[in-house]
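Reader: I have not seen this structure before. Could you take me through parts of it by question and answer?

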Amino acid sequence: MYELGGKRVYVAGHKGMVGSAIVRRLERENCEVLTSDRSIDLREQAAVREWFEANRPEAVILAAAKVGGILANDSFPAQFLYDNLMIEANVIEAARQAAAEKLLFLGSSCIYPKLAEQPIREDALLKGPLEPTNEWYAVAKIAGIKLCQAYRREYGSDFISAMPTNLYGPNDNFDLTSSHVLPALIRKAHEAKLARAQSIEIWGSGAPRREFLHVDDLADGCIFLLKEYSGEEHVNLGSGTDVTIAELAELVCNVVGFEGTITKDLSKPDGTPRKLMSSDKIVSMGWNPKITLLDGITMTYEYFRSHEAAEAGETGTV
Ligand code: GFB
């Protein structure tokens with residue numbers, strides 16, 4: 001068991017959806033949370049090393065990453081590969097040089113083969129070809145897992161990795177071109193409701209299945225692992241159930257109160273057909289998610305209405 005009380009804990013990427021949720025969750029631990037502002041570019045090795053030398057965190061949570069939905073991944077392969085490789089290499093090496101006691105690296109379920117056996121266990125890694133729309137991001141995240149493993153073997157560093165499923169929640173990106181599906185559907189349904197539109201359009205066939213986890217559950221799982229887990233193998237972090245994209249769209253429309261129809265843009269990619277992870281490993285250690293998909297979407301829609309929709313100049317009265 002790793003004791004967080006009294007420790008200096010650095011959250012890299014604290015402004016993002018995941019990092020901000022982890023900062024909120026750490027308020028319940030008796031530790032000092034450290035963050036670096038945007039003036040530190042985590043892709044710059046010297047800047048990262050200097051920051052670590054000056055601040056000497058004892059624990060590090062690496063939640064900084066270049067992220068995006070299926071289209072962003074497919075459109076910017078160089079950025080998704082280069083930025084993520086640089087961020088993780090710099091932070092992991094600087095953490096070792098500054099003698100950090102513990103580091104948690106965050107990956108993604110897209111590290112697994114496109115056609116992995118379902119539910120996907122941790123040992124499916126590198127057992128088959130990746131999904132082409134996000135292989136660049138996946139390769140970078142696999143490199144992060146391997147860095148943690150290599151540092152454990154060579155330097156004895158207690159560096160661990162968690163693989164979250166598809167995440168959503170407050171501070172998500174609701175931009176329709178770069179976001180993931182869930183925030184995109186919230187925006188589409190909300191704007192269609194305000195415009196009294198007949199329909200919303202989803203990308204692809206609607207048939208792919210995805211597993212969704214609210215980011216507050218993810219943050220709780222990360223703190224659980226930081227305290228309870230020390231091992232070479234990464235650990236899956238999911239909700240244990242999945243839905244089709246068509247089912248998700250219906251759920252979102254119900255929560256938002258949009259009563260029109262759902263059409264499909266078949267020119268957009270489906271991506272991997274299914275990526276339901278097995279979270280048996282973390283569940284057997286005593287952790288469970290708490291937020292249902294319905295509650296999570298309801299809370300996220302409330303967040304969207306009070307933050308994003310207001311910023312977009314919402315004036316509707318529906
Ligand atoms: O969430 P998403 O962009 O990423 O898309 P992935 C999931 C599914 O929803 C795909 C469909 O089948 C999309 O075609 N979809 C339907 C939509 N309508 C929309 C829409 O309006 N916007 C979006 N974005 N999708 C990502 C990876 O894969 O998952 C990342 O690209 C990362 O690397 C992330 O691993 C967790 O689940 O397909």
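**Strands, helices and their contacts**

Author: In strand β3, the bridge partner of V9 is A59. This is a predicted model, in which local features need pLDDT of at least 70 and side-chain atom pairs count only at pLDDT 80 or more, while totals for chains, interfaces and linings use all residues. Residues are numbered from 1 along each chain as its sequence is written, and side-chain values use heavy atoms, with hydrogens and water left out.

Reader: Which residue in β4 is the bridge partner of A59?

Author: Helices (H or I, at least four residues) and strands (E, at least two) are DSSP runs, numbered from the N terminus. Two strands pair if DSSP finds at least two bridges between them. Strand β1 (residues 8–12) runs parallel to β3, joined by 4 bridges, and 4 bridges also join β3 to the parallel strand β4 (residues 102–106). In β4, the partner of A59 is K102.

Reader: With which elements do the buried residues of α1 pack?

Author: Helix α1 (residues 17–26) is mostly covered, with 8 of its 10 residues buried. Among them are M17, V18, I22 and L26. Contact means heavy atoms within 4.5 Å. The buried residues of α1 pack against β1, β2 (32–34), β3, β4, β6 and α7.

Reader: What angle does the direction of α7 make with that of β8?

Author: An open sheet is formed by 3 strands in the order β6-β8-β10, with mixed pairing. Its edge strands, each pairing on one side only, are β6 (166–168) and β10 (242–244). β6 pairs with strand β8 (residues 209–214) in the parallel sense over 3 bridges. Helix α7 packs on the sheet and touches β6 and β8, and its direction makes an angle with that of β8 of about 70°.

Reader: Is K227 buried or exposed?

Author: K227 lies in helix α7 (residues 215–228). Not counting residues up to four places away in sequence, K227 touches M1, Y2, L4 and E29. Because its relative accessibility is 18%, K227 counts as buried.

Reader: Which residues of α4 meet α2?

Author: Helix α2 (residues 45–55) packs with helix α4 (residues 77–97) at an angle of about 35°, their axes 9 Å apart. From α2, the residues in this contact are Q45, V48, R49 and F52. They meet these residues of α4: N90, V91, A94, A95 and Q97.

Methods
Buried means under 20% relative accessible area, exposed over 50%, partly exposed in between (1.4 Å probe, protein chains only). Axes are lines fitted to C-alpha atoms, for helices over the stretch in contact, and angles run from 0 to 180 degrees between N-to-C directions.
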